[in-house]
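Trainee: Can we go through this one together? I'd like to start with the strands.
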Amino acid sequence: MDELITKRVKEVLNGNQDAFEEIVIHFQHRLYQVCYRMLNNAAEAEDIAQEAFVRAYVNLETFDQKRKFSTWLYRIATNLCIDRIRKKKPDYYLDAQVPGTEGLDMYSQIAADQRLPEEEVEKMEMKDRIQYEVSRLPDKYRTIIILRYMEDLQLQEIADILEMPLGTVKTRVHRGREALRQQMGSM
Amino acid sequence: MEKCPKHVVHYMHAFLDGEISSEEEKILTKHLESCEDCKALMEELEQTETLFENVATVQAPSGFTNNVMARLPQPIKQKGPKKWLRQHPMMAAAALFLILMSASFFSSFENEQQFSFTKQPNIIVEGETVIVPAGEVVKGDLVVKNGDLRIEGEVDGDVTVIRGSKYMASTAVITGSSEEIDEVFDWLWYKIKSVAKEVIPSSKDDKSNNE
Ligand SMILES: [Zn+2]
């Protein structure tokens with residue numbers, strides 16, 4: 001499959017726009033799914049996933065053909081999702097530490113603010129519940145938890161997508177897992 | 001709790017990552033047998049993981065691919081001028097005539113050796129390198145002459161580097177076209193296009209005027 005994608009990439013670079021269609025067909029569900037997990041909203045996920053393909057097309061020259069195409073595509077999509085999430089809360093400087101809290105930053109504060117009433121959470125179906133809990137995770141853990149558990153990617157591939165050292169990815173998986181455990185604690 | 005060494009929690013995560021050594025696993029198992037708190041923690045962490053089994057896969061809505069294809073800009077511009085010349089022969093001839101008439105063309109290529117660039121508010125200049133920092137969006141076209149350009153952020157417009165190199169970080173985005181110009185012929189080509197743009201309105205402008 002990778003070979004076919006590589007071939008199509010070359011064709012697009014040679015000016016054959018139609019060859020891009022097969023690339024979109026091949027990755028559409030995976031890319032839409034990861035956007036949906038990140039944004040928790042179908043309309044936004046569709047818009048951002050489409051935008052990710054458009055950006056991939058426009059910037060195809062910059063894709064290093066020795067690397068995996070899916071990694072590059074995921075990177076574009078997750079970056080766009082993070083941008084979109086940040087634009088929705090422009091009043092916060094998100095990485096700023098909240099005074100007097102250890103390891104808590106604005107992300108976690110916002111996550112806490114967005115909490116639904118407990119009765120409502122308890123009524124949720126499990127698949128909605130997990131999506132909701134993941135959406136409440138601080139962004140830096142959320143992306144990684146989504147890629148690890150919802151997309152089933154290997155830690156090394158996640159490190160490649162996010163251009164992060166493997167050690168950082170591992171630490172964030174651990175912290176994300178611990179944060180989720182605490183959130184789910186009421187079950 | 002004094003009997004719980006810090007590394008036990010670390011081993012729990014290593015176990016869940018499938019990256020625990022057999023020696024570490026022995027230590028972990030032994031501790032869990034003797035410690036109710038850690039045993040409960042381990043169980044909760046494992047439960048958290050199994051929750052993801054409930055997650056249903058989602059599919060892109062129908063028509064997704066067609067919508068993407070409709071959103072794509074015109075086919076990637078050919079590097080060479082052949083295609084453009086074929087599509088706009090009259091325009092090219094007119095532009096070439098104007099440029100050669102002006103007679104300043106060759107001198108302008110030879111003489112413009114000075115480092116110069118489009119002044120955009122959010123770019124950084126280090127020596128003779130123009131940098132679009134990560135996270136910044138430059139609105140409009142960017143031209144760099146006799147210097148290098150490094151893009152880490154986004155350029156919402158066309159990028160042209162004349163006698164210099166362009167480096168793109170993986171985070172880089174250029175929404176318009178992107179060109180590097182080194183040779184006299186490329187330079188001529190660049191001039192043709194910019195003159196043509198001034199002299200003859202592009203088809204896009206025609207459309208918006210008619211509407
Ligand atoms: Zn213990």
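Mentor: First, the terms: strands (E, at least two residues) and helices (H or I, at least four) are DSSP runs numbered from the N terminus, and two strands pair if DSSP finds at least two bridges between them. This is a predicted model, where local features need pLDDT of at least 70, side-chain atom pairs count only at pLDDT 80 or more, and totals for chains, interfaces and linings use all residues. Residues are numbered from 1 along each chain as its sequence is written, chains are lettered from A and ligands numbered from 1 in the order written, and side-chain values use heavy atoms, without hydrogens and water.

Trainee: Ok, what order does the open sheet of 4 strands have in chain B?
Mentor: The order is 1-5-8-11, with mixed pairing. Strand 1 (116–117) and strand 11 (178–181) of chain B are the edges, each pairing on one side only.

Trainee: How do strands 8 and 11 of chain B run, parallel or antiparallel?
Mentor: Parallel, with 4 bridges joining strand 8 (residues 159–162) to strand 11. For instance, B:Val159 has B:Ser178 of strand 11 as its bridge partner.

Trainee: Switching topic: which residues lie nearest the centre of the second largest pocket?
Mentor: A:Asn79, A:Leu80, A:Ile82, A:Asp83 and A:Arg86, out of 42 lining residues. A pocket here is an open set of 1 Å grid points where a 1.4 Å probe fits, with protein on both sides within 12 Å along at least five of seven lines; lining residues have an atom within 4 Å of a point.

Trainee: And which element gives the largest share of that lining?
Mentor: Helix 4 of chain A, with 10 residues.
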